[in-house]
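Here is a short briefing for a reader new to this structure.

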Amino acid sequence: MLLGCIADDFTGATDLANNLVRAGMRVVQTIGVPDDATTVEADAVVIALKSRTIEADAAVAQSLDALRWLRAHGARQIYFKVCSTFDSTERGNIGPVAEALADALDAPFVPVCPAFPENQRTVFKGHLFVGDLLLSDSSMRHHPLTPMTDASLVRVLQRQCRGRVGLVEHAVVRQGAEAVQARMSALQAEGARFGVVDAIANEDLMAMGRAFAALPLLVAGSGVAIGLPQNHGLAPSAAAAELPRVPGARAIVSGSCSAASNAQVVDFMQRGGEAFAVDPLRIAAGEDVAGAALAWAGGRLSEKPLLFYATAEPEAVKSVQARLGVEAAGALVERTLSAIARGLVERGVRQLVVAGGETSGACVQALQVPRMRIGPQIDPGVPWCHAQSPVAGAQGLLLALKSGNFGTVDFFTKAFGMLA
Ligand code: ADP
């Protein structure tokens, strides 16, 4: 294993894995820390935790456990993957986890860079921009769990850790890897342990990748990943994204109510796709909606994908939430859709698309997926994966997990088209 990654949430883990695969690494993503006996054949392993907003002590403990597994399985470099908008609270968890990992690895200096210019996340003079806006002017300032009201990453990180935080400015990054290394050494000599690194373009990430080649620990969004495979002589290739073929029926489960998912559901049906609507109010009334959906699927399952959706327009969602409560409505729908996903796989579905971040989490849990190999990208941030699952048996299944607003309008058709 060349690279061991610890991601603080599930979709962030997939985003990172997707970038590593695109840059030429074979990647396996695990859901939580695998048991010690598990061995994985890959250039990089991404361990997905759910540690972004839990108590800092628990986040540190889980991250150290992940680190222990990665080192025991030969990881040469550790990548702590954080959100590209640096989602964290005053107390953490980015600072405390980064510091604990640095201590455990005896890392004297750790670069920090959430930039991903392709995705409109850039860092300049240590300030994070989301598109044209400073982080603190973006919608992230209103985030319910991790409101980001300060765009200076040096200040944000400094509030979360004991070690000093410095800055590697863009003027240095632009000069290339050696200049970055020299600046990191100078910061370290001045007593800094962390350095926020500017990046406004892909070439900055490539220079960083080379500069970071020998460092034990990086703290980054998914962008920095594109510069790392080159350090091992790896280049973009279709071979890194190859997945086993798994024949079987096809289905889509959509619990996302984002604008993109709404349009994708409509597009699928307009193309003549057959669909089953999951109505939250009928679930709340005690009807066995999952049972009805699976009975409907019965004779219809084939290579022609079936769609099961709770996806609805904002007004409809609001009215359901007003009657059931926001959390209760979400939980009811997630439980039903994940039961449908499991039932579909029990009935022979082996190629499954799930739309919605939380919905994906619920389905992966219902399918008891311990890990998945990351395959070719369908749309930015959404790859096909080959998942292990006791429900699917030895051959596993092909899974595409699409969060919220990802994907073009014809996403569902395009996804299955790639497998044809
Ligand atoms: P996204 O990635 O678009 O945010 P998620 O799956 O993360 O999608 O979140 C969507 C949430 O909305 C889930 O909790 C889901 O169960 C819930 N939901 C889906 N359909 C409806 C609906 N018709 N009414 C109310 N809540 C819904």
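A backbone N or O atom of Ala-310 lies 2.9 Å from a nitrogen atom of the ligand. This is a predicted model. In the model, 18 residues surround the ligand.

**Ligand surroundings**
- The closest residues to the ligand are Ser-256, Glu-334, Glu-358, Thr-359 and Gly-404.
- Gly-330 places a backbone N or O atom 2.9 Å from an oxygen atom of the ligand.
- Gly-357 has a polar backbone atom 2.8 Å from an oxygen atom of the ligand.

**Helices α11 and α12**
- Helix α11 covers residues 314-324, and helix α12 covers residues 326-346.
- Their axes are 7 Å apart, and the helices pack at an angle of about 105°.
- Angles of 65 to 115 degrees count as roughly perpendicular, so α11 and α12 are roughly perpendicular to each other.
- From α11, Val-320, Gln-321 and Leu-324 meet Val-326, Ala-328, Ala-329 and Leu-332 of α12.
- The residues of this contact between α11 and α12 comprise 6 nonpolar, 1 polar and no charged.

**Helices α6 and α7**
- Helix α6 spans residues 177-189, and helix α7 spans residues 202-211.
- The axes of α6 and α7 come within 8 Å and cross at roughly 60°.
- That angle makes α6 oblique to α7.
- The crossing of α6 past α7 is right-handed.
- On the α6 side, Ala-177, Val-180, Gln-181 and Met-184 meet Ala-207, Arg-210 and Ala-211 of α7.
- The residues of the contact of α6 with α7 split into 5 nonpolar, 1 polar and 1 charged.

Methods. Residues are numbered from 1 along each chain as its sequence is written. This is a predicted model: local features need pLDDT of at least 70, side-chain atom pairs count only at pLDDT 80 or more; totals for chains, interfaces and linings use all residues. Side-chain values use heavy atoms; hydrogens and water are left out. Axes are lines fitted to C-alpha atoms, for helices over the stretch in contact, and angles run from 0 to 180 degrees between N-to-C directions. Helices (H or I, at least four residues) and strands (E, at least two) are DSSP runs, numbered from the N terminus. Angles under 35 degrees count as roughly parallel, over 145 as roughly antiparallel, 65 to 115 as roughly perpendicular and the rest as oblique. A crossing is left-handed if the near helix is turned anticlockwise from the far one by less than a right angle, and right-handed if clockwise. Contact means heavy atoms within 4.5 Å. Ala, Val, Leu, Ile, Met, Phe, Trp, Tyr, Cys and Pro count as nonpolar, Asp, Glu, Lys and Arg as charged, and the others, Gly among them, as polar. A residue is near a molecule or strand if one of its heavy atoms lies within 4 Å of it. A polar contact is a pair of N or O atoms within 3.5 Å; within protein, one must be able to donate a hydrogen and the other to accept it, and residues adjacent in sequence count only if both atoms are side-chain atoms.
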